[in-house]
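Come along and check each entry as we go.

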Amino acid sequence: MSDVLGNISGLKASQFKALERLASRRLPADALISPEIARSLCEISRDLRRQVAIIADRGGVVISVIVGDDRSIYIPDLSRFRLGRSGLRGLRCIHTHLKGEPLSQDDLTDLALLRFDVLAAIAVGADGLPGRLEYAHLLPDNPEGDKTETVQVASVHALDLNLGRFLHELEGEMERKRAETIDLSDGRERAVLISVSQDPRQEIDDALDELTELARTADVVVADRVVQRSRRLNPKTLIGEGLLKDVVINALQKGVSLLIFDQDLTPMQISAISDLTELKVIDRSQLILDIFARRAHTLDGKVQVELAQLKYILPRLTGRGTALSRLAGGIGGRGPGETKLETDRRRIRDRITRLERQLKQLARGRLQRRGKRGRGQIPIVSIVGYTNAGKSTLLNALTQSQVFTEDLLFATLDTATRRLRFPMEREVIITDTVGFIRKLPKSLFGAFKATLEELEDADLLLHVVDLSNPRFEQQIAAVEKILDDLDLGRIPRLLVFNKVDQVPTEEIGHYCRRFQALPVSALSRASFSPLLQEMAVRFWPDEVEVLDPEAFFH
């Protein structure tokens with residue numbers, strides 16, 4: 001039996017039975033609605049003095065009958081009905097208007113947000129008979145940018161619409177238009193990036209550029225970017241609700257399944273946004289955690305990432321089932337559902353406890369390994385820097401090793417340690433660490449304790465900077481701030497400008513003098529002489545000789 005939903009309190013038994021009979025009827029597959037069902041719908045609506053709606057699938061099966069008030073209806077969650085390749089949901093919605101008013105802007109917004117095949121309104125006459133009928137449908141992408149088209153007819157009897165043929169043609173055109181802009185064979189998720197900030201526009205653009213790179217690293221296609229500069233942030237949805245609806249509508253047109261916010265969202269904001277759309281909603285921190293989960297390979301890394309993810313999820317868990325796949329709230333958080341919610345929370349807390357115990361055991365093993373290195377009195381150098389600055393590439397070039405490298409943010413997460421032998425029978429231990437990033441989630445400071453422990457034992461921090469990046473100065477400041485936050489200011493630092501082969505030669509000397517840095521190109525061994533010489537001077541000042549970088553690679 002179909003559902004009878006909405007404002008049904010206070011109905012007489014006879015009125016409720018009339019609604020149930022309406023829910024059990026079947027609409028014609030090739031017509032929007034039959035005159036007989038339209039009459040029943042209007043008679044019930046007049047009797048109740050409330051708007052009434054029918055939602056039916058393409059076969060004419062009634063999914064729901066919804067009772068509203070005298071001005072509107074509230075459409076329930078339809079996420080179980082998936083969108084098709086064209087972007088339509090395969091459902092039609094026909095409802096009554098008691099005062100004969102035309103389709104409102106809210107009606108058209110619901111049409112675009114919920115992706116109905118057709119949304120129609122029937123005017124209820126004073127005698128309870130159906131009057132003027134107005135229907136609207138979505139449009140394929142067009143130069144004018146129109147989203148919907150509206151058609152009026154004098155009555156349901158004057159309606160000349162073969163619904164099956166019309167939808168077949170409309171979907172075909174929508175798919176053709178989509179195929180012109182979207183590679184439908186590309187299985188990657190598509191996302192819209194959203195920034196809501198009071199910062200200057202250039203800073204916002206820089207942050208979105210970085211978020212774009214994070215999305216690319218997570219194998220997500222960025223379909224659009226949206227910026228709202230606001231003096232006062234919306235505490236409920238962060239972004240203005242009107243703009244949010246426009247963003248969702250445009251996202252659905254572009255085949256987007258994911259909204260990524262550059263700002264961290266509170267559990268309440270995620271819940272409010274998820275109530276408006278069934279698109280997945282995540283923030284910058286969650287995106288970074290997802291990347292870390294993909295990139296961690298050692299036991300240390302996997303345990304630390306899972307711990308950070310669970311600590312992030314716990315306050316955002318609001319009763320959406322056992323899969324924990326949708327971090328959103330809504331109806332169902334009370335009564336029996338609360339017991340299940342508390343069970344999920346308890347499971348997560350227990351898992352967090354076990355992971356923290358396991359991390360302590362792993363930490364003891366790391367302490368023993370570091371103690372052995374310390375007893376050998378071998379200098380330890382830790383490479384730090386912004387993500388994708390070329391730290392792992394430099395480590396590979398210096399030590400002739402094969403640490404994984406790729407042109408992606410956070411390509412390397414697990415700590416890698418190698419020995420670098422100097423020609424004068426000396427050697428140092430070089431450790432490659434996870435890259436830093438602006439607005440690094442607080443949870444990750446604790447999650448990557450192994451990396452932080454390596455930094456605490458370092459005798460020298462090599463701060464590697466991608467000089468070819470136009471935002472390298474902001475990146476230097478971001479890394480310096482994180483190092484200070486980690487209380488690592490006591491450890492000597494050496495600034496190294498990498499990728500100088502991608503910078504005009506006449507600018508390199510100026511930047512090096514200004515920042516007191518050494519230039520290198522991780523792809524050219526010949527550029528390593530100043531760096532190796534400086535390291536030798538710092539560690540063995542009484543034994544320094546002019547070092548030939550080629551002597552390290554034989």
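**Entry 1: the second largest cavity**

I began with the second largest cavity, which has a volume of about 90 Å³. For my notes, a cavity is a set of points, on a 1 Å grid over the protein atoms alone, where a 1.4 Å probe fits but cannot get out, and lining residues have an atom within 4 Å of a point. Grid points are joined across faces, edges and corners, and a volume is the space filled by probe spheres set on the points.

This is a predicted model, where local features need pLDDT of at least 70 and side-chain atom pairs count only at pLDDT 80 or more, while totals for chains, interfaces and linings use all residues. Residues are numbered from 1 along each chain as its sequence is written, and side-chain values use heavy atoms, with hydrogens and water left out.

Which residues line the second largest cavity? I listed Ser86, Arg115, Leu138, Leu139, Pro140, Asp141, Lys147, Met174, Lys177, Arg178 and Gln253. Helix α4 (residues 163-181) gives the largest share of this lining, three residues. Helices (H or I, at least four residues) and strands (E, at least two) are DSSP runs, numbered from the N terminus. By class I have four nonpolar, two polar and five charged residues around the second largest cavity. Here Ala, Val, Leu, Ile, Met, Phe, Trp, Tyr, Cys and Pro count as nonpolar, Asp, Glu, Lys and Arg as charged, and the others, Gly among them, as polar. Searching the whole structure turned up four cavities of 30 Å³ or more.

**Entry 2: the second largest pocket**

Next came the second largest pocket, with about 790 Å³ of space (a pocket is an open set with protein on both sides within 12 Å along at least five of seven lines). It is lined by 24 residues, and the closest to its centre are Arg82, Leu83, Gly255, Val256 and Ser257. The lining of this pocket has seven nonpolar, six polar and 11 charged residues.

I then traced an open sheet of seven strands, in the order β1-β3-β2-β4-β5-β6-β7, with mixed pairing (two strands pair if DSSP finds at least two bridges between them). β1 (3-6) and β7 (148-153) are at the edges with a single partner strand each, so one side of each is left without a neighbour in the sheet. On average, neighbouring strands here are turned by 20° against each other, direction ignored. β1 pairs with strand β3 (residues 62-67) in the parallel sense over four bridges, and Gly6 stands opposite Val67 in β3.

The other open sheet I followed has four strands in the order β9-β8-β10-β11, paired in parallel. Strand β8 (residues 189-197) pairs with β9 in the parallel sense over nine bridges. The bridge partner of Ala191 in β9 is Val222.

**Entry 3: helix packing**

Helix α3 (residues 105-114) and helix α6 (residues 241-253) pack at an angle of about 45°, their axes 8 Å apart. Axes are lines fitted to C-alpha atoms, for helices over the stretch in contact, and angles run from 0 to 180 degrees between N-to-C directions.

Last, I looked at helix α8 (residues 284-295) and helix α9 (residues 299-313), which pack at about 155° with axes 9 Å apart.
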